[in-house]
Amino acid sequence: MAAIGVHLGCTSACVAVYKDGRADVVANDAGDRVTPAVVAYSENEEVVGLAAKQSRIRNISNTVMKVKQILGRSSDDPQAQKYITESKCLVIEKNGKLRYKIDTGEETKFVNPEDVARLIFSKMKETAHSVLGSDANDVVITVPFDFGEKQKSALGEAARAAGFNVLRLIHEPSAALLAYGIGQESPAGKSNILVFKLGGTSLSISVMEVNSGIYRVISTNTDDNIGGTQFTETLAQHLASEFQRSFKHDVRGNARAMMKLMNSADIAKHSLSTLGSANCFLDSLYEGQDFDCNVSRARFELLCSPLFNKCIEAIRALLQQSGFAADDINKGVDESGANSFTVLFPSGTPLPARRQHTLQAPGSISSVCLELYESEGKNSAKEENKFAQVILQDLNKKENGLHDIIAVLTMKRDGSLHVTCTDQETGKCEAITIEVAS
């Protein structure tokens, strides 16, 4: 029987269908497998997804974002209070319940968070029906591990209002293990799994025990101070600095200009997940001045290195809290979605690994060669074989001082190794990819 799975996150949502013995994430009408969890209200319509996100610059006060953060919460909830303070769409309390105040000019209406979530669920159902047909309405929905009963109830209510028959709500870490088939195909034996999720607004890490097909959460932690949004903001601040350097105007105090930069940074961030560089062009960013800037992946990784380090430290802290060493983890699962990035996992986890090294070279030279070696054998019998090199040329010579070179090595899921070498002073970058041997 065909079934539907929906994940409604704070910044985006996605839907998967189970058919003919396999699960597939379905692309929406824009061809994307991830849909922004954004709803924009106008005089005559309600727009969901990418179009709503793209129109927020001119309709920000009537655009609802991150509704998941307020679902099922009351005005005295600290997280709801934080959300209300940060929301560009006015949130008020009416008849004892939180409501969005929508003013389109023609009328003012008050919309509850469940209605916003219902529209997003309806979009997900429409996407699923494009593959399965309109008679498939059974759904399984993922929920954060720390969701209380009120939050779960509000999420289920919104899904049912969208026409779904809710079969089950399942915790996100468990859903990740099921998605990877961990503990299902060979359920015998016990293993420890690290589940890592870098979402749009938070970082969630869980250590889980899988024993004979049964999942048990040993420890979990969520940090609301780091998420995909922070990576976007970091890149947007860099773009603002580049604009100021080129045109002598600081746009950081201009809300409209910064929103444009955030939009451009968000698009560039996703492009850099697969490309070595991304171009950011903004028409009339400030006082009629166009802005064009190219950002390399190496530059982006350098800018975001403090955030990557926070992710690594969060993993280490949770392992210590659990009483585990890195070698105690048998496998790692990356549950992150559209805003995810490859980070350095503890040794012993077969996930993409990322290492960053700062190298120094004499300032008197104008080129640097980074050589890569692989080792075979052990101890005294070890042999080192050179298999690649990256050459960084045309550096600015210095009579005094050193060149600071950032080398980033990223092991991809397919086994290929991506290497970037960047001069920290100028941003000059060279990159290579070593494909896995067939």
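Okay, quick definition before anything else: two strands count as paired if DSSP finds at least two bridges between them. Keep that in mind, and remember that what you see above is a predicted model.

Let's start with strand E11, residues 138–143. What does E11 pair with on the E12 side, and how many bridges are there? There are 6 bridges between E11 and strand E12, residues 165–171, and the two run parallel.

Two spots to look at here: Gly5 sits opposite Val140 in E11, and Val6 sits opposite Ile141 in E11.

Is E11 mostly covered or mostly open? Mostly covered: of its 6 residues, 5 are buried.

In E2, Val6 has Val15 as its bridge partner. E2 covers residues 12–19, and E1 and E2 are antiparallel, with 6 bridges between them. The link from E1 to E2 is a hairpin, through 3 residues.

Okay, next stop, another sheet. This one is open, has 3 strands in the order E8-E9-E10, and its pairing is antiparallel. Which strands are at the edges? Those are E8, 91–94, and E10, 108–111, and each of them pairs on one side only. On average, neighbouring strands in this sheet are turned by 45° against each other, if you ignore direction.

Zoom in on strand E9, residues 97–103: 4 bridges connect E9 to E10, and they run antiparallel.

Last one: Asp423, which you'll find in strand E23, residues 417–423. Buried or exposed? The relative accessible area of Asp423 is 2%, and the cut-off for buried is under 20%, so Asp423 counts as buried. And who is around it? Setting aside neighbours within four places in sequence, Asp423 is in contact with Leu392, Leu395, Asp404, Ile405 and Lys428.

That's my tour, thanks everyone!

Technical notes: Residues numbered from 1 in each chain as written. Predicted model: local features only at pLDDT ≥ 70, side-chain atom pairs only at ≥ 80, totals over all residues. Heavy atoms only, no water. Axes fitted to C-alpha atoms, helices over the stretch in contact; angles between N-to-C directions. Buried < 20%, exposed > 50% of the residue type's maximum accessible area, 1.4 Å probe, protein only. Contact = heavy atoms within 4.5 Å.
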